[in-house]
Amino acid sequence: RFESDQIMKRVIAAMSGGIDSSVAAYLLKRQGAHVTGVFMRNWDERDETGVCRASQDFMDVQRVCERLAIPCLQVDFVKEYWNDVFSTFLDQYKSGHTPNPDVLCNLKIKFTAFYNHVMTSLKATAIATGHYAQLHRNSTGVVKLLQSVDTFKDQSYFLCQVPQVALQNTLFPIGHLTKPLVRELACEAGLEFLTHKKKV
């Protein structure tokens, strides 16, 4: 089992419409957790073809949640992303620094704004993401961030600034898996369409 029954009571799965977060939600559901899929809208711009990627991604999340028979919600953090991630990135870049926007997004949005929202408004007992990383809880309750089994896909660096309080209530269900196995599990779950998306 991933965790105790208490932390699995109401897990909010942060879902992007991609294969990793979808399989993470699938594994939690299969384990018996009460899972709700939540899509974070962080950007509203249209691409060069006039398509809003966020809208398309949310449609994919809805399709996955329907297949997994779990509730699906959407939350809007466009303003927070602009102020705390994108603007900060530009300011630091102008100052001669090279900040990593993924590190900023995880710190400011996913594991602060989003985390606080779901833990309070949605009464979550934990959040889960599709990151390739692992967690180790020691006897004193301190959580350490570890590399994933798939070292090629490892994302622990991008999570290096996540607050301890958030890590203590976070699950990384695919951290012990390789990418090929994640693809196999997607097919097992009836989510074959995700294997054809870009960046999977």
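Start with K123, which sits in the loop between helix 4 and strand 4. This is a predicted model, so take each stop as a computed one. Check the backbone here: phi of K123 is near 55°, a positive value in a residue other than glycine. Most residues other than glycine have a negative phi. Is K123 buried or exposed? At 62% relative accessibility, K123 counts as exposed.

Now select A69, in the loop between helix 2 and strand 3 (72-76). Phi of A69 is positive too, near 60°, and again the residue is not glycine. With a relative accessible area of 61%, A69 is exposed.

Next, pick helix 3 (residues 78-94) together with helix 4 (residues 101-120). Their axes are 10 Å apart, and the two pack at an angle of about 150°. The crossing of helix 3 and helix 4 is right-handed. To see the contact, show E80, Y81, D84, V85, T88 and F89 on helix 3, which meet P101, L104, C105, K108 and I109 on helix 4. Sorted by class, this contact of helix 3 with helix 4 has 7 nonpolar, 1 polar and 3 charged residues.

While you're on helix 3, click N83, which is found there. N83 is partly exposed, at 42% relative accessible area.

Move on to helix 6 (residues 179-188) and colour K179, V182, L185 and A186, which are buried. Why do they line one face of the helix? Look down the axis of helix 6: its buried residues fall within an arc of 110°, so they line one face. As a rule, an α-helix has 3.6 residues a turn, so residues three or four places apart point the same way. Just past the end of helix 6, G190 takes a positive phi of about 80°.

What covers that buried face? Helix 1 (19-31) is part of the cover over the buried residues of helix 6. The axes of helix 1 and helix 6 cross at roughly 65° and come within 9 Å, and the crossing is left-handed. On the helix 1 side, select I19, D20, V23, Y26, L27 and R30; on the helix 6 side, K179, V182, R183, L185, A186 and E188. By class, the contact of helix 1 with helix 6 has 7 nonpolar, no polar and 5 charged residues.

Leaving aside neighbours within four places in sequence, V23 is in contact with I174, V182, L185 and A186.

Zoom out to the largest nonpolar core, which has 35 residues. Those with the most contacts inside this core are V11, M15, V23, L28, L68, I174 and L191. At least two residues of this core come from each of strand 1 (11-14), helix 1, strand 2 (35-41), helix 2 (53-68), strand 4 (126-128) and helix 6. Which of them gives the most? Helix 1 does, with 7 residues. A second, separate core of 25 residues includes C105, I109, F114 and A133.

Last stop: T36, in strand 2. T36 is buried, with a relative accessible area of 4%. Not counting residues up to four places away in sequence, T36 touches R10, V11, I12, A13, P71 and L73.

Notes. Residues are numbered from 1 along each chain as its sequence is written. This is a predicted model: local features need pLDDT of at least 70, side-chain atom pairs count only at pLDDT 80 or more; totals for chains, interfaces and linings use all residues. Side-chain values use heavy atoms; hydrogens and water are left out. Buried means under 20% relative accessible area, exposed over 50%, partly exposed in between (1.4 Å probe, protein chains only). Helices (H or I, at least four residues) and strands (E, at least two) are DSSP runs, numbered from the N terminus. The arc is that of the directions from the helix axis to the C-beta atoms. Contact means heavy atoms within 4.5 Å. Axes are lines fitted to C-alpha atoms, for helices over the stretch in contact, and angles run from 0 to 180 degrees between N-to-C directions. A crossing is left-handed if the near helix is turned anticlockwise from the far one by less than a right angle, and right-handed if clockwise. Ala, Val, Leu, Ile, Met, Phe, Trp, Tyr, Cys and Pro count as nonpolar, Asp, Glu, Lys and Arg as charged, and the others, Gly among them, as polar. A nonpolar core is a set of buried Ala, Val, Leu, Ile, Met, Phe, Trp, Tyr and Cys residues joined through side-chain atoms within 4.5 Å.
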